[in-house]
Amino acid sequence: QPSGMSAWSYFVTVLPATAVEQAVGPVCFTGEHEAELVVALGSRLEVFCLHQERKKGLQLLCTCPVNGRVTVLHAVRHPGSGRDLLVLCTEKLQVLVLAYDALTNRPSVLATGTLSDAIARFADQPVVSACSTHDKLVAVSVHEGMLCLIDLSKATRLETGSTEMIDLQGQGCISTRNHVEPQLIDLAFLHTAIAGKTFLATLHECQGSLRTLSLHSFSFGSNPSMSSKGSSIEIVIRVEANRFAPLPTGGLLAVGNQKVYHFDHALQVAGKAVGGPENAVALLRLDEAGSRWVLGGACGDLYVSHFRAASRAVISVQCIGFAAPARSLAALSCDCIFVGSREGDSELLRLQPVERNAPATAVSAAGRPRCRLAQSFVVEQSWANLGPIKDFFVRDLQGQLQTEIVTCSGQGRHGSLRFVQIGIALEEVGSIAGFGGVIGMWPLGERFILLSFPFCTRVLCLSSKKCMQSDDLFLEEVTVNDLAATEETIFCSQCECNRSDTMRARTHDSCRFGFQVTRSGVTAVSMHGPNIESVARWSPSLNIGPVQVAAALEGFAGAGAIPAGALVASAAGHVCALQLTECCGGGRRSDRLFELVEIGSWELPGEPSCLISEGIFFAAGLWTKELCLSRVTPSTSDDRTSLLPAAEKLPRDTVPRSLAFARMAGDLHLFVGLADGCTLSYLVDESTGALQGHWKVQLGSKPVRLLTLPAGEMPVGQHGRDR
């Protein structure tokens with residue numbers, strides 16, 4: 001292990017964050033849908049939209065990792081723009097402004113900044129924020145006795161669509177304001193602006209059930225710092241509430257302690273209703289007029305409140321049932337809401353008409369939760385949430401070669417046991433007995449499986465038969481005359497290629513070829529439909545000797561050549577590169593249409609134990625506990641044999657048993673599976689062909705076999721071992 005590296009290494013993320021931190025909607029972030037939903041899950045953003053068939057719920061549009069856990073998420077839109085910008089803040093107080101990039105289908109960063117202060121002390125409470133979409137102003141409370149204000153109206157380059165990164169501090173967009181009220185609970189910008197002033201309402205903790213509701217006014221003018229001279233406290237009152245939201249008609253709607261209040265511009269009580277949650281955690285407006293609201297309680301109780309402004313506001317509250325405790329509520333339509341939760345499963349709800357006799361609270365007169373409460377909504381979609389995890393343990397599943405994590409998740413009435421399996425889930429689609437002693441297995445075409453035994457090779461065919469109106473898959477053994485069935489198969493590979501005009505005239509429609517490698521040589525077959533037909537054969541000369549190891553050779557296509565072949569090596573260390581090529585002439589059906597041509601050969605400094613190729617490179621592991629890497633360059637001279645560069649000694653005193661190439665983040669890596677259960681990783685310098693550095697991980701104590709599986713845009717190494 002290189003000096004300076006930690007003895008512990010990150011291995012794998014079993015399950016990404018599932019607890020919802022923030023959610024905002026409806027927004028138009030991608031510009032393709034009018035009602036989109038943006039959800040912050042730990043350090044990840046996901047953008048959804050309603051599926052065209054509304055019964056199918058939400059459809060994921062894009063996802064984006066964030067460097068830090070998201071604590072603040074808001075959407076703003078510049079006048080005349082058809083898309084919203086996302087403003088978010090992480091727990092490390094980093095501020096990001098994101099816009100959607102249609103070319104990469106991911107959010108891109110337009111502006112950055114920080115809310116950190118070298119003098120201020122962090123507030124010992126959750127982060128509270130508010131956004132004024134009209135003024136493009138965001139207020140965040142992260143420090144004790146201070147408010148951080150982000151004024152995006154000063155970042156004029158955001159409106160011009162400039163691709164240059166914007167520094168919010170340099171543009172004077174971030175400022176602070178001192179306030180002396182203790183323990184801020186909630187804050188919101190009012191929709192009413194009088195005499196050029198913007199009003200901000202704040203709610204602070206007090207003794208008992210009463211809390212302080214303050215109304216601040218900001219006069220921007222030419223004062224870019226937004227200091228205390230440009231703001232003032234207008235009104236201070238005491239209320240029985242713990243959450244409030246601004247009304248489009250002016251004033252506030254405050255909820256808490258099983259009461260709903262309507263405050264006018266002067267923070268005077270203009271209406272009141274008894275009902276609602278004991279401890280409100282989220283409020284959601286369902287329409288533009290602000291006449292329908294959804295109220296979320298800490299216990300997961302949900303309410304619908306109807307508001308009608310008059311000389312004396314009329315407010316009604318009805319309980320519609322229980323869902324997961326809401327961390328954030330977002331509306332996608334007038335009857336479709338998203339409940340994002342940190343303590344339970346997040347859900348997409350479809351609201352239904354509320355019964356006339358629905359109670360105003362979820363608690364009876366005796367103070368107990370109502371058991372027989374009819375739900376006035378339907379859960380259309382849910383997302384499993386593993387957190388918060390109170391306790392967990394790990395156990396091995398007997399006979400399944402998998403590990404399972406059992407977690408005690410959630411809290412209160414939403415507590416549950418969750419079972420998370422680590423590994424690749426397998427489903428048996430067919431089985432057949434009587435194949436003991438198999439030493440190798442490879443796919444051949446879409447239906448065939450080639451099995452290697454010590455002295456023979458057998459072929460299975462995956463077929464389907466209809467029984468009781470269902471398609472059942474089953475395996476049956478078949479005989480393929482064109483394969484070497486009386487020998488042990490060392491290696492097998494297959495490839496597909498584009499057909500040339502000559503191949504269209506002389507071969508079947510399919511251009512899928514396979515290569516079977518045995519100790520006596522290589523057989524190339526053509527696979528078309530249910531048939532396998534031999535097209536070429538190569539046998540090693542006496543000075544080469546029997547084949548010992550082999551690998552697939554792809555990426556070379558000379559004149560009349562198929563861009564695939566085989567790389568074989570003998571026990572004497574002689575390596576040959578074989579390529580399938582079309583024969584010249586051959587007008588009769590009995591003539592060979594293809595031949596395996598030796599395009600290059602090399603001499604290894606020892607006996608090979610494993611072999612692999614990738615593009616222009618091939619690597620060989622030796623029984624002398626060494627590793628060789630070279631380029632596969634077709635030779636043009638008569639003498640095709642060349643010596644390889646000096647072998648590199650492995651850092652561990654063990655034999656390499658398997659090799660695999662994988663390209664990750666644009667770089668080529670070579671993975672080496674050793675006989676003692678360890679896996680090494682090297683970085684390949686493609687300009688010089690040298691191996692740089694190494695990284696290791698211990699997977700067990702038995703020999704490791706490596707495969708490369710394509711997963712999206714990045715290959716993934718699959719490790720297999722005999723334990």
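**Figure 1. Lys625 and Asp653 form a salt bridge.** In this predicted model, the closest N and O atoms of Lys625 and Asp653 are 2.6 Å apart. A salt bridge here is a side-chain nitrogen of Lys or Arg within 4 Å of a carboxyl oxygen of Asp or Glu. Lys625 sits in the loop between β46 (617-622) and β47 (626-631), and Asp653 in the loop between β49 (648-649) and β50 (656-664), so the pair ties together parts that are 28 residues apart in sequence. Strands are DSSP runs (E, at least two residues), numbered from the N terminus. Asp653 is exposed, at 67% relative accessibility. Lys625 is partly exposed, at 24%. Buried means under 20% relative accessible area, exposed over 50%, and partly exposed in between (1.4 Å probe, protein chains only). Residues are numbered from 1 along each chain as its sequence is written, and side-chain values use heavy atoms, with hydrogens and water left out. Because the model is predicted, local features need pLDDT of at least 70 and side-chain atom pairs count only at pLDDT 80 or more, while totals for chains, interfaces and linings use all residues.

**Figure 2. Glu686 meets Arg663 in a salt bridge.** The N to O distance is 2.8 Å. Glu686 lies in the loop between β52 (678-685) and β53 (690-698), whereas Arg663 belongs to strand β50, so the contact ties together parts that are 23 residues apart in sequence. Glu686 is partly exposed, with a relative accessible area of 32%. Arg663 is partly exposed too, at 34%.

**Figure 3. Arg44 and Glu46 form a buried salt bridge.** Their side chains meet at 3.1 Å, N to O. Both residues are buried. Elsewhere, Glu21, Arg69, Glu91 and Arg342 are linked in a network of salt bridges. The whole structure holds 13 salt bridges.

**Figure 4. Phe48 and Trp383 form an edge-to-face aromatic pair.** Rings of Phe, Tyr and Trp (its six-membered ring) pair if their centres lie within 6.5 Å; planes under 30 degrees apart count as stacked, over 60 as edge-to-face and the rest as tilted. The count by this rule is six aromatic pairs. For Phe48 and Trp383, the centres are 6.1 Å apart and the planes stand at 65°. Phe48 is in strand β3 (residues 44-50) and Trp383 in strand β29 (residues 377-383), so the pair ties together parts that are 335 residues apart in sequence. Phe48 is buried, with a relative accessible area of 7%. Trp383 is partly exposed, at 24%.

**Figure 5. Trp602 and Phe618 form a tilted aromatic pair.** The ring centres are 5.1 Å apart and the planes stand at 50°, so the pair is tilted. Trp602 is in strand β44 (residues 594-603) and Phe618 in strand β46, 16 residues apart. Both Trp602 and Phe618 are buried.

**Figure 6. Strand β27 is covered on both faces.** All five of the five residues in β27 (residues 336-340) are buried. Cys336, Phe338 and Gly340 lie on one side; Ile337 and Val339 lie on the other. Strand β26 (residues 328-333) pairs with β27 in the antiparallel sense over five bridges. Two strands pair if DSSP finds at least two bridges between them. Leu329 has Val339 as its bridge partner in β27. β26 and β27 form a hairpin with two residues between them. Strand β28 (residues 346-351) is also antiparallel to β27, over four bridges. Phe338 stands opposite Leu348 in β28. β27 and β28 form a hairpin with five residues between them.

**Figure 7. Five strands build an open sheet with mixed pairing.** The strand order is β5-β6-β7-β8-β12. β5 (70-76) and β12 (166-167) stand at the edges, each with a single partner strand, so one side of each has no neighbour in the sheet. β5 and β6 (residues 85-90) run antiparallel, joined by six bridges. His74 stands opposite Val87 in β6.
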